[in-house]
Amino acid sequence: EISEMSERSKQNVAHGLAWSYYIGYLKIVLPRVKKSMEEFSSANPNLLACRETWKLHILIPLSCDVYDDLEKADRNIKYLTDLTETTLTRAGTKKRVYKHSLYTIRDEDKLWHCAVEYATPLQSLYAMSQDECAAFSREDRLEQAKLFYRTLEEILKGSKECMGTYRLIVYEESGEANSHFLSREILWHLRQQCHEEYAVSEGNQPHNPNTTLSSTELNLQISESDLPQPLRSDCF
């Protein structure tokens, strides 16, 4: 009965996507990010000055609007190079390659560098909202995107292997036309991480842009009762 209720309300969609994304991808690649960053920094000592940004920055737009080419999304974002590849045999595929791209983010006269990519499961949510067979509305898509973020955040918080290797950048795009919206979002997170590392005085703390949403804000927008519940009460 609980499973049928979850099916009707589509609660299991985002929950399943988050777990699949973690088990099938993030749990594999995130533990290797620091080493890849260290290797790149050794060869290019002036590009990755702030160690706190040596993470995979994962973009989570609540609109699920994902660009395949970040350079087309924002002209202040430029591809630099790829980090060291990880090659594994997975599910019958020999020498499957996992890699991350390093980008240059322009901030007025300063250049920042970081590994950044979209959370790919959001493409599935967007495609479902465009497919009549899925019976998935835009409202469903928005709620599932929020639930995907909250579920992924909780999974990663409990993962010792992934600790300190990622940064989730969740945001809701404003209605205003801004060709540098995405770079602004990324830059805010980069500055905040360096602020945390160097302990800048409290009076100089940056302000969170209105479009960036915290987990607390999302908790207020989604009822806890909407989350999929375990079938056993003694699971936790």
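Let me begin with helix H4, where Pro121, Leu122, Leu125 and Ser129 are buried, that is, under 20% relative accessible area, with exposed being over 50% and partly exposed in between (1.4 Å probe, protein chains only). Seen down the axis of H4, these buried residues fall within an arc of 110°, so they line one face of the helix; the arc is that of the directions from the helix axis to the C-beta atoms.

Please note that this is a predicted model, in which local features need pLDDT of at least 70 and side-chain atom pairs count only at pLDDT 80 or more, while totals for chains, interfaces and linings use all residues. Residues are numbered from 1 along each chain as its sequence is written, and side-chain values use heavy atoms, leaving out hydrogens and water.

How do H4 and H5 cross? The axes of H4 (residues 121-130) and H5 (residues 138-157) come within 10 Å and cross at roughly 165°. The two helices are therefore roughly antiparallel to each other, a term for angles over 145 degrees. Axes here are lines fitted to C-alpha atoms, for helices over the stretch in contact, and angles run from 0 to 180 degrees between N-to-C directions.

Which residues meet? Pro121, Leu122, Leu125, Tyr126, Ser129 and Gln130 in H4 meet Arg141, Gln144, Ala145 and Phe148 in H5, contact meaning heavy atoms within 4.5 Å. By class, this contact has 6 nonpolar, 3 polar and 1 charged residues.

Finally, Glu172 lies in the loop between strand E7 (166-171) and helix H6 (181-198). Glu172 is partly exposed, with a relative accessible area of 38%. Its C-alpha atom is separated by 9.5 Å from that of Cys64, 108 residues apart along the chain.

Methods:
Helices (H or I, at least four residues) and strands (E, at least two) are DSSP runs, numbered from the N terminus. Angles under 35 degrees count as roughly parallel, over 145 as roughly antiparallel, 65 to 115 as roughly perpendicular and the rest as oblique. Ala, Val, Leu, Ile, Met, Phe, Trp, Tyr, Cys and Pro count as nonpolar, Asp, Glu, Lys and Arg as charged, and the others, Gly among them, as polar.
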